[in-house]
Amino acid sequence: MTARTTGAAGLLAGACVAWSALPLRHGGLAAVILAVAIACALLSLARLALGRAPDNAAAYLNTVQGLALGLADMARQWPWAEGMTVAVLVLEALHGSRPWHTGLLGLALLAYLFASHLAESRARPAVLRPQAPLIAAGLGLLALTVGAAALPSSTGSAADVLALLAAVAAVAVAGLVTPV
Amino acid sequence: MPVDTGREREAASGAPQARQVRLAWSLSAHAQRLITLALAGLVIAVITRRPEFAGVAAPAVLLLAVRRPERPGRVDVTASPSGTKLTEGEQAELAVTVTGQGGHSVDLLMHPRYAVVPGTAGGLRSGKSAVPFQVTRTGRRSLGALEVTLWDRWRLTEGHATLELPIVDCYPMPAAQRKRVVLSRLPSRLGEHPSRSSGEGLEFTGVREFVPGDRQRRINWPATTRRGRLQLNTFAAERTQNVVIIADASSDVGEPGSTPADLAFRGAAGAARAYLAVRDRIGVIVYQRSVRWVAPGLGARHYYRIMNLMLLEHARVADPARYTAITRLPRAALPPGSLILVFSPLLDRRLVETVRDLRERGFSVLIIDVLNAAPSGSRDSLSGLARRIWRMEQEAIRFSLRELGIPLVRWDGQQSLDEPLAPYTRRAVVMRQ
C-alpha cells in the first residue's frame with residue numbers, strides 16, 4: 001500500500017511540476033524556480049521512499065556511508081513538499097492568466113498532498129472518507145473561481161451576476177460544510 | 001559456580017498492566033502542507049489579482065477551518081507480548097489495547113531494540129490490535145518502545161505518546177537431533193539405553209541355560225526342545241547415561257546471530273533436549289571467562305534450568321571483565337563415566353587444555369567443532385601469510401586432539417546434529433580409558 005501511494009505521489013508531483021512549467025520558458029526566474037520545483041519534488045519523493053530513520057543506526061560508517069546517511073537525514077528533515085507546492089504555484093503565476101490550467105494544477109496539488117499524507121502515515125485511502133464532503137466543497141469553490149476568472153472582464157452585468165452567484169454559492173457551501 | 005536460575009526467571013515476568021500515557025499534540029505534517037498551499041494560493045491571488053489562485057487555496061482553507069473535536073490528554077495503553085519466554089525466530093505477537101481515545105483513530109508503531117524484528121501492525125479494532133514480532137538472537141531482550149499516534153477525524157492534528165515495552169527472554173533455537181551418542185559402559189542406573197550387561201530390559205541378547213531362581217516365563221521352549229535342557233532368553237539391561245555438555249561461549253566472532261557462541265548454545269540446547277527425551281541425566285557447563293554450570297539432572301524442568309543458564313550466560317559472552325584462568329573443570333559438574341560433548345570453535349587455548357585434561361582424567365569426550373569464521377583482512381601477502389599460519393595452528397590443535405583419542409566432528413549450525421554425529425550414533429561408542 002505504501003509503495004503504491006508513494007508511486008502515486010511521485011506521479012502527481014511530476015505532473016504538477018510539468019503542468020506548471022508548460023509552456024517552457026528559457027532562462028530567468030522561471031528556469032530557477034523550475035529547477036527548485038524539480039529538486040523539491042525529487043527530495044520529497046526521497047523522503048517518502050526513505051520513511052522514518054532506522055531505530056538501530058549503524059555505529060561504524062565509512063565516508064560514503066556517512067555521506068549517504070547525512071543526505072538521507074537532510075531529505076527527512078526539510079519540508080520538501082511545501083517547497084514544491086510554493087515553487088509550482090509561483091511557476092504557474094509567472095505564466096499569463098489561464099484559469100482552467102491553474103484549476104487543474106490546484107486539483108493535482110491537492111491530490112499530491114493527500115497522496116503524500118497517505119504514504120507518510122502508511123494509512124489507507126479510507127481514512128480520508130470523513131474529509132470527502134469538505135474536499136468536494138473545496139473543489140466546487142475552485143471550479144467557481146476558475147469559472148469566474150475565465151469570464152471576460154468586459155461582459156458587464158452578466159459577469160457581475162455570475163460573480164454574485166459564485167459568492168453566494170461559496171458562502172452556502174462553506175455554511176453547509178463548516179459545522180460538520 | 002552453580003546457578004540458581006529461578007530468581008532470574010521471575011524477574012523476567014511481564015504481567016500486562018494498563019498504563020496511562022500523556023499525549024503530546026501538534027499539527028500534523030499534512031496540516032502544515034495544507035497551510036502552505038492555502039497561504040501560497042491566497043498570497044499569489046492577492047499579488048497577481050488572479051482569483052483562480054484563491055480557488056486553489058479554497059479546499060485547503062475549508063479543511064483547515066473545520067471545528068476540531070475535543071482532544072484527550074491521556075490514553076490507557078496495555079501492551080503485552082504473547083509470551084515472555086520465546087525461542088530464537090519464534091513468531092510472537094504484542095497485544096495492544098488502547099482506551100480513552102474517543103473518536104480519534106490510532107496508529108501503532110513499534111521501535112524495536114537489537115535483535116527484535118517487528119511485523120506490520122494490524123488496524124485497531126475495538127481498541128485492540130496485535131503487532132507481530134520475532135526475536136532473532138538469544139538473550140534477555142528489550143522489545144523496544146511502542147509509539148502510539150492519535151489522529152483527529154480530519155488528520156490535521158496528531159497526538160504522540162511513547163511507551164516502553166517489556167523485556168522477553170529468548171532461548172537458543174535447539175538444533176535438530178534425533179539420534180544419540182551412547183557409551184558402551186553405562187552407570188548402573190535404570191534408563192532407556194540397552195547396555196552390555198544382561199538384565200530386565202526389552203532387547204534380546206541371547207540364550208543361556210536355565211538355573212534355579214530364573215523366571216519361568218523367559219524359558220525359550222524351541223531352544224529347550226532342541227537341546228534337551230531348559231534354555232532361557234536373556235535381555236540387555238537398560239541403563240541411563242550421564243551426559244555433560246560444555247558450551248564454549250568464549251569466542252563471539254563472526255556474523256551476529258551465527259557466531260560460534262550462538263552455534264554452541266543452539267547445539268547444546270538441541271543435545272540437551274535429545275538426551276532428556278530418553279531420561280538421561282544432563283549437565284551443562286558454560287565455558288567462557290569463568291565457568292558456570294548446572295549439575296546433571298533430568299526432566300522438563302531441568303531443561304528450562306539449562307536454557308536459563310544459557311540465557312544468562314549469553315549476555316556475558318566475551319566480557320573481558322570476567323577473566324579467570326580456568327583450565328580444570330570442577331568435579332561436581334562431572335560425574336564419573338559421563339559422556340562429555342564439547343560444542344566449541346577451539347579458539348580458546350585454555351579450553352583446549354581443559355579438554356585434554358578431561359581426556360587424561362578418563363572421560364569420554366566428543367568435540368563438535370562450531371568454528372564458522374576466519375580472520376579477514378587485506379589481500380596483501382603479509383595478511384595472507386598470517387591467515388595461513390592461523391589455519392595451520394587450528395589444524396594442529398585439531399590434529400593433537402584426535403591423536404589423544406578425542407573424536408572431533410564439524411557442525412555448521414545449519415544441518416541437523418545427526419549428520420556430523422552419524423559415525424558415533426550407529427552403535428555404542430567405546431572409548432579407551
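Predicted model: local features only at pLDDT ≥ 70, side-chain atom pairs only at ≥ 80, totals over all residues.
Reader: How far does helix α1 of chain A reach from its first C-alpha to its last?
Author: Helices (H or I, at least four residues) and strands (E, at least two) are DSSP runs, numbered from the N terminus. Helix α1 of chain A runs over residues 2-21 and has 20 residues. The expected span of a helix is 1.5 Å times one less than its number of residues, and for α1(A) that expectation is 28 Å. The helix comes close to it, with a reach of 28 Å.

Reader: What kind of model am I looking at?
Author: Residues are numbered from 1 along each chain as its sequence is written, while chains are lettered from A and ligands numbered from 1 in the order in which they are written.

Reader: Which element of chain A has the highest mean pLDDT?
Author: Chain A averages a pLDDT of 80, and 79% of the residues score at least 70. Among its elements, helix α7 (residues 157-177) has the lowest mean, 56. At the other end, with a mean of 91, stands α4(A).

Reader: How many of the 15 residues of α4(A) are buried?
Author: A residue is buried if 20 or more other C-beta atoms lie within 10 Å of its own, exposed if 12 or fewer, and partly exposed in between, with C-beta atoms placed from the backbone. The buried residues of α4(A) include W80(A), M84(A), V88(A) and L91(A). Helix α4(A) is mostly covered, and the number of buried residues is 12.

Reader: How many residues does chain A give to its contact with chain B?
Author: On the side of chain B, the elements giving two or more residues are α2 (29-48), α3 (51-65) and β6 (105-111). Chain B gives 33 residues, and chain A gives 39.

Reader: Which residues does A268(B) touch?
Author: Residues up to four places away in sequence are not counted here. A268(B) then touches I245(B), A247(B), V284(B), M310(B) and F343(B).

Reader: How far apart are the C-alpha centres of domain 1 and domain 3 of chain B?
Author: Domain bounds come from an automatic or database domain assignment, which gives domain 1 (17-171), domain 2 (190-239) and domain 3 (242-425) in chain B. The contact between domain 1 and domain 3 takes 7 residues from domain 1 and 9 residues from domain 3. Their centres lie apart by 46 Å.

Reader: Is L312(B) buried, partly exposed or exposed?
Author: L312(B) sits in helix α6 (residues 300-314) of chain B. Y171(B) is 141 residues away in sequence but 9.7 Å away in space, C-alpha to C-alpha. Because L312(B) has 18 C-beta neighbours inside 10 Å, it counts as partly exposed.

Reader: Where does R155(B) lie?
Author: Most residues other than glycine have a negative phi. R155(B) has a positive phi near 60°. R155(B) is buried because 23 other C-beta atoms are within 10 Å. Its place is the loop between β10 (145-151) and β11 (157-164) of chain B.

Reader: What is the exposure of R279(B)?
Author: R279(B) also has a positive phi, about 60°, although it is not a glycine. Its place is the loop between α5 and β16 (281-287) of chain B. With 16 other C-beta atoms within 10 Å, R279(B) is partly exposed.

Reader: What is omega near for the peptide bond from L22(A) to P23(A)?
Author: P23(A) is in the loop between α1 and α2 of chain A. The bond from L22(A) to P23(A) is cis, and its omega is near -10°.

Conventions
Contact = placed C-beta atoms within 7 Å. pLDDT = per-residue confidence, 0-100.
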